[in-house]
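Hi,

Here is the structure I promised to pass on. Have a look at it first, and my notes follow below.

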Amino acid sequence: DAVSLDNATYPWPSKAHFVTSLLFSSPRLPFSDAQKRAVLSWAQQLGARDVPSLGAIKKSQKYLDSLVGDPTEKVTAHSGNVFYINDVAKSIAKDYANPLTHFAMQDYPEDSGEEMSQVFNGKKMLLDLPSPPAARVDGMIYFTGELLQDDSGGYFIPERFFYASLPADSSDGDSDPCEQPDGRALYALGRAVERTEAGFIVNEHREIIPTSIFMRSFEEITATPGELDCGLTSSSSKYATLSPNPLREKSNGRMVHTVPLLVFMDDVSGNISKQWNKHHAIYMSNANLPREMLEKEFFVRFVTSSPHAAPMELMRAMKESICNAAESGIIAWDCKYNEEVLLIPYALFLAGDNPMQAEECSHAGLNCNFFCRTCDIGGTKEFKASSDGYRSLFTSGNTRTPEDTTAEIHKQFETAFKSGASEKIKNLVSSTGIRDSASNSILNALVELGKKLRKRAAGTQALPEAEVTAALEKEFSELLQGEKLDNAINPLLGMEAGFDIHMDTPTEILHTILLGVVKYFWGQTVFLLDKAKLMGIFQVRLESVDKNGLNAPCLNADYICHYKGSLIGKHFKSLAQVMPFLIYDLVPSTVLNAWALIGELVVLVWHTKIVHTETYLAKLSRTIQDFLNVTAQCAPSIIISKPKFHFLVHLPAYIRRFGPAVIFSTERYESFNHVFRLTCVYSNRQAPSRDSCRVFAHQDIIKHIVTGGFWYDNDASKWVQGGAQILGYLDEHPEQARLLGLSVFNRNAPIPGKSSPLLPWKATRCWTILKTAQPGTVYYRGKSVVAREGDVAFLNSHVIFRRADGQMCVGRVREILLSPEDPNTVVHIGLQLFSFADTLHTSVNLPCLNLTDDEVVTTAADIICVVNLQHNCVDSQCTDTISQPVRQERLETSRTKPIIRHKSTPHYFFNAYSIHNYDHIHLVLPEALRELPLRVTNAAEVREMAVQHMKQKKASKKSGNAPQQDDHMEHDTQIPPMVAPTFDRPP
């Protein structure tokens, strides 16, 4: 039955129904029907009042789905596969109708100058895509492409709206809707227009003006008789028209926003067990949200999944859902301004692992000759092993385009009608790297039919070629089911709104770096350590590494060394930050250089905020090239056999296009795969796609209602939201918010740790430093202090702090004094200072620190963050070990493990490879220590030597002899004598 809008628990009939539904809708805590009955029975046995039955709960669930809007739709693919999809339009509408999301969203791209931290700072949204079509100034809506008049009386036609920081000399006048609290204002890029007797003259040069000076809209101008009668001059017609934007009529007076979407597709098992139950699933995120919210599980939207349909069939349904929503427009409630708005969605980029992105690009994959989906680099194995071919792998080739890819697919279909089509198509794929999985079944059917028709039985004549062609054309028409070929091939090749599939499948850092190049080097390094029987020393050093300030919990030495062949991304991410400290004397210098560069690369790529974009991109490109050159020294052939090394070359361009690389990382979606699996586990597997869609749809509805979202009530004919008890529930019950995937409700900040008893001022270390009199003053001695960035610094932790003169320094926490009146208040912190050496360490190329005898006293407000330092065992020659008890079940056991006994020297390394607090690490470094030297200064020689090594290895393999350094080799006179590669074997 319908619930009254006046009910405090609307749209639930009672609080019991609401609380029970909320518990049973937790994404990471699903309940089977049997478990639900047991919970309800348990509540009844304890005497709880108004406990609903399971039937009542299910009835309430159906009522909510119909009330808010059930987004689940059935799709039948051309192949006959049936699956379900949650309508994209309904999901996007919820984002604007929910204060939790809409108040954090940004509707326009932003020019942040040299900075870049969000996807809307990227080049694509700022310059390459069509602009958000409308801006509101003083209650009036202005559209792009329409003539308007500013407050000076001049005319202007805006082409693009964007945010930018206000000029430094701007006045502090009254704010308007175009100005933001953080000092940004909305600007328009367009062309000034002059009204003359000959007509309106549009300036050929574009200019930028603030939207706050807009005065009269196109609607008002057209309402003035005769103002537009003069028309445009002939020379101006190429720049603009004097007609309204089509969206003005379509929006019917509503504000119009564009919504960029991040789309992810992956293959994932539907089982919790090890048995593989393959599904393909698509998720999406609203790119108008800030990166910090995109990382949260709560803001990931499930779209579709199927164990039967092919990936491109799912993607075709996704594309149609987006395009249909864009064509018709989505009418949603803007909870920020309390009005209806029109939304136009579009796909910004497709995230995924490399094989999936290759399929989305109609590319043959990583094992073909032309292995790059972004550019045309590649060739035969012989060419790639030649000097020219090998050098080309270190650079970007000609960028692939959807038009060229489509033309190549058409060419393959034309070839399918000819004799010998199978081999010819194989050669086409081999020479271009193009293979379209969406239409591959049709192509194969034509080829097989052609073979059958041309096959001549004994004593019979072959069919005339004209008849064969006619039969193939008939079969082709039937396979297309009356559609055009363009409607049967990859649907992503024909997407509009500025979508380029080859440029909008960015290099994914989890699979390309951590599970790619880092994993390859880990395998090769472990091979060297095992061969030299040094794995034991490596494990002892890994056990002894200082993890404080590293924020890398996955450095369990026993696990990493025992399961060294089965590590996952989080292990490689942690290892990349400490490897040079573990292997400095265990491996050749080239391998040590490679790990040092991996550490630099990982820190650069996991930047969440880029302060100086051009400087950063230049440094990233330099680091990538240096790493590839060192890789050529270590294993020349791996550059050819592992395409992920080449994919690194494209990373700077993608960062410029979409913002920091963490934005297009798939870690958030890989984590969400667990939530998807749980929906499969509690399904009877009879309709897996429908069941998953319905579960996620209901979960989204519950999350939308309890976080204050609006929806349209058809009975009341207005936009409504939940009752008073519903809206305040998560604030009072943060544990329920966490079950929904939210962690922002009532999170308590960490407080300082305290130890007793009270100490007089003169008994403290801080007194010995300050020597100031505080008669009768006593303090508690603290165990920890919370830094400005939220880190917890314990005694003997290393921190970055700011001195009274403003200088940033590194110190060791020696004492923490707490107020006796409020033990949660830190009064004094005693720090022992470090000083930086003048140069980088010659072996590991890291900044060196010396612990001095100088000490200072500061306050908690001056402690910026915790930082990771490692003892300089290289110069201190720390080789002795001591035994440490092994802890099991939170207890010390009689078992022991060896760890390094560090010598009592004051020498330390400043861990510049630490991802945590990287921005403060960079700032505290002296200017002379920020630029790391190139490991390879003779790149051309190194690459030529790599080619010569591969030739030598191939010649030796053919002759059956072990490779000799100088035999059967033709050396360039300018190439120095070759050093054998450190490792050049398949990992």
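Before anything else, a word on element names: helices (H or I, at least four residues) and strands (E, at least two) are DSSP runs, numbered from the N terminus. On that scheme N324 belongs to helix α10 (residues 311–328). The model is a predicted one, so local features need pLDDT of at least 70 and side-chain atom pairs count only at pLDDT 80 or more, while totals for chains, interfaces and linings use all residues. Residues are numbered from 1 along each chain as its sequence is written, and side-chain values use heavy atoms, with hydrogens and water left out.

Staying with N324 for a moment: is it buried, exposed or in between? N324 is partly exposed, at a relative accessible area of 47% (buried means under 20%, exposed over 50%, partly exposed in between, with a 1.4 Å probe and protein chains only).

Now the aromatic rings. There are 37 aromatic pairs in the structure (rings of Phe, Tyr and Trp, the last by its six-membered ring, pair if their centres lie within 6.5 Å; planes under 30 degrees apart count as stacked, over 60 as edge-to-face and the rest as tilted). Take Y108 and Y163: their ring centres are 5.6 Å apart and their planes stand at 85°, so this pair is edge-to-face. Y108 is in the loop between α5 (99–102) and β3 (110–111) and Y163 is in strand β7 (residues 155–165), so the pair ties together parts that are 55 residues apart in sequence. Both of these tyrosines, Y108 and Y163, are buried. Elsewhere, ring pairs join F264, Y283, F302, Y669, F672, F676 and F696 into a cluster.

Some rings also have a charge over them (NZ of Lys or CZ of Arg within 6 Å of the ring centre and within 35 degrees of the ring normal). The charged end of R373 is over the ring of F647, 5.4 Å from its centre, and K771 lies over the face of W767, 4.5 Å from the ring centre.

On to the salt bridges, of which the structure holds 33 (a side-chain nitrogen of Lys or Arg within 4 Å of a carboxyl oxygen of Asp or Glu). Here are three of them:

- R191 and E159 meet at 2.8 Å, N to O. The pair links distant parts of the chain, with R191 in strand β8 (residues 184–196) and E159 in strand β7, 32 residues apart. R191 is buried at 13% relative accessibility, whereas E159 is partly exposed at 25%.
- R248 and E219 meet at 3.5 Å, N to O. R248 is in helix α8 (residues 246–251) and E219 in helix α7 (residues 218–223), so the bridge ties together parts 29 residues apart in sequence. R248 is buried at 14%, and E219 is partly exposed at 46%.
- R454 and E465 have their closest N and O atoms 2.6 Å apart. R454 lies in helix α16 (residues 440–454) and E465 in helix α17 (residues 465–480), so parts eleven residues apart in sequence are tied together. R454 is partly exposed at 22%, as is E465 at 38%.

Salt bridges with shared partners also join K123, K124, D128, D504 and R657 into one network.

On a 1 Å grid over the protein atoms alone, a cavity is a set of points where a 1.4 Å probe fits but cannot get out, and a pocket is an open set with protein on both sides within 12 Å along at least five of seven lines; lining residues have an atom within 4 Å of a point. Grid points are joined across faces, edges and corners, and a volume is the space filled by probe spheres set on the points.

The second largest pocket has a volume of about 920 Å³. It is lined by 33 residues, and K36, Q61, D691, R694 and V695 are the closest to its centre. Helix α29 gives the largest share of that lining, eight residues.

There are five cavities of 30 Å³ or more. The largest holds about 120 Å³, and α29 gives the most to its lining too, with three residues.

Cheers
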